[in-house]
Structure formats: C-alpha cells, structure tokens
Amino acid sequence: MTFERKGMVLRVGLRNNAKGIIESLDKKYISRDGKKQNIPDICVFCGSSENLTKEHVLPRWVFENAPSKFFTTDINGLDQAYIKTTIPACLVCNSDILNSLEKYVQASFKNRNVKKQPFTVEELENVILWLEIIDYKFQILNARRRFRASKNLGYISYLADFPLSVLRKLVDYSPKKTITEIRRSQKRLLLKSKLKAINSLIVFKTTNNAFHFFHHMDDFIFLELPRQQIALFYFYKKKFTDKTIAYENAMKIINTLY
C-alpha cells in the first residue's frame, strides 16, 4: 500500500468512526453525569477494539527514546515521562499507517539543512499532518488522564474523577468544550489538503544541543530536534496570508515560553 493510500485509509477510518470514538471517550472519561461506563478501550483512529497497542503521544525518536525526558502538566504540576505517555491504537493504525508517516517525516528531516534545502509543498503538508496528529493524541490523552495529587495542591477529592482536559481554564471547565476541541482536532485530520495551513508552519534551522517541546492543545506546538537540527512551530487554528507575520507571532510565543 502506498503512503498516499495509507493516508486515505487513516482519514476514512477516522471519518467513519469519529462520532463513536468521541462517544466512547465521553461515556468512559468525560461525562459528568455520574454514570461513567466501564467499557473497553478502542483505537482512537479507527474505533477498532481488536489488537490494541500503545501508541506514543510524542514519537520515541523525537525525544530520543530517553526514559529521563518528561513534560510537566500545568494543571497539577506533575511530571509525565514521554516514554510512558501513550494512548490506545490498533496494530494496523499504529504499526502500519502512523509508522509510515513517522518514517516519511524522519526521512524528510535526515541530513537536511533547511536554510539551503527548504521543504517541498508536499513535505510541508505531511509535516503539518504529523503535527496535527500529535495534537489529536494529546487531546485524547488529557481526556483519559485523571487529576492526581501533587505536592503543591495535595489531594482534592472533588477533582479526583475529573479528566485533565475538563480542568483547563481555556475550556472553562466544560466537558462540552472539551468534546468540541476533540472534534475540531479530528476535522483537521480529515482534510487531505493542508495548503491553507502552509503559512502557519514555521521551520527553523537550530544548532542547539537540547531537545525542547511545548504545546498548547488546539492552539500551537513547538518542537526543537537537535539531532535533525530542525525546529518547528505550528499554529493549529490561526491561518496567515503572510509567513512573515506568522514568524513574528511565533517568536513572541517562543520568547515567552522557551
């Protein structure tokens, strides 16, 4: 099966099962009606319940497969190792379809000086798809993760049953808004053409030795990959007619959060 064909299979599988995937998440993790159901996990890309595997939210090659590397959850200040951060995906979606995209992106990045060898439009579209998949995976992850005690906040029994996605200020602690964000993330993945989003992706050459990553769901992502000497900043929702303006907006955020 060609790479393009696999991309179509991913879109078709998600399109046909998007509603069921969200309903499953809602019943099992998000709903606040006190009637959470003990239902089995399903693949968050095609809805299958067979041959489930653990799909890393951030690919292992990105954080160099290092067990010591982690991110901190803003809501409760707890650290989460990247290598333990996974969501359910079936064997076909994980090992075949998503793995093909990973290999494509890795090959695009390999031995590349992005100042002298800019990405082609096709490569940019696939990098955008890859970054949008990462956002979708984080949406799923935070819908599944529960609030846990931290040294600063201690144990808050009322919050213990809340998924982290509902506790975000940006969604006003609303389960409905959490579901809306997941739907929006799904819809981005269903778009075959990423041409309208090309200017929302900024590609930098970097000589830094350290891996850096920050991400605001449904907003933006920054990845700095020292081995590839590439850094990426992508706006998920904002669209720009001028890449210079996108670059200026990205640098404001980078200078604040880096």
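# Cavities, a sheet and an aromatic pair

Guide: Helix α1 (residues 3-30) gives 5 residues to the lining of the largest cavity, the most of any element. Helices are DSSP runs of H or I with at least four residues, and strands are runs of E with at least two, numbered from the N terminus. This is a predicted model, in which local features need pLDDT of at least 70, side-chain atom pairs count only at pLDDT 80 or more, and totals for chains, interfaces and linings use all residues. Residues are numbered from 1 along each chain as its sequence is written, and side-chain values use heavy atoms, leaving out hydrogens and water.

Visitor: How do you know which residues line the largest cavity?
Guide: Lining residues have an atom within 4 Å of a point. Among those of the largest cavity are I21, Y29, P40, D41 and R144.

Visitor: Why are β5 and β6 said to stand at the edges of their sheet?
Guide: The open sheet has 4 strands in the order β5-β8-β7-β6, with antiparallel pairing. β5 (201-205) and β6 (212-216) each have a single partner strand, so one side of each lacks a neighbour in the sheet.

Visitor: How do you know that β5 and β8 pair?
Guide: Pairing requires at least two DSSP bridges between two strands. Strand β8 (residues 230-235) is joined to β5 by 5 bridges, so the two strands pair. In one of these bridges, F204 is the partner of A231 in β8.

Visitor: Why is the pair of F109 and W130 called edge-to-face?
Guide: Rings of Phe, Tyr and Trp (its six-membered ring) pair if their centres lie within 6.5 Å, and planes under 30 degrees apart count as stacked, over 60 as edge-to-face and the rest as tilted. F109 and W130 lie 6.1 Å apart, centre to centre, with 80° between the planes, so the pair is edge-to-face. F109 belongs to helix α2 and W130 to helix α3, so the pair ties together parts 21 residues apart in sequence.

Technical notes. On a 1 Å grid over the protein atoms alone, a cavity is a set of points where a 1.4 Å probe fits but cannot get out, and a pocket is an open set with protein on both sides within 12 Å along at least five of seven lines; lining residues have an atom within 4 Å of a point.
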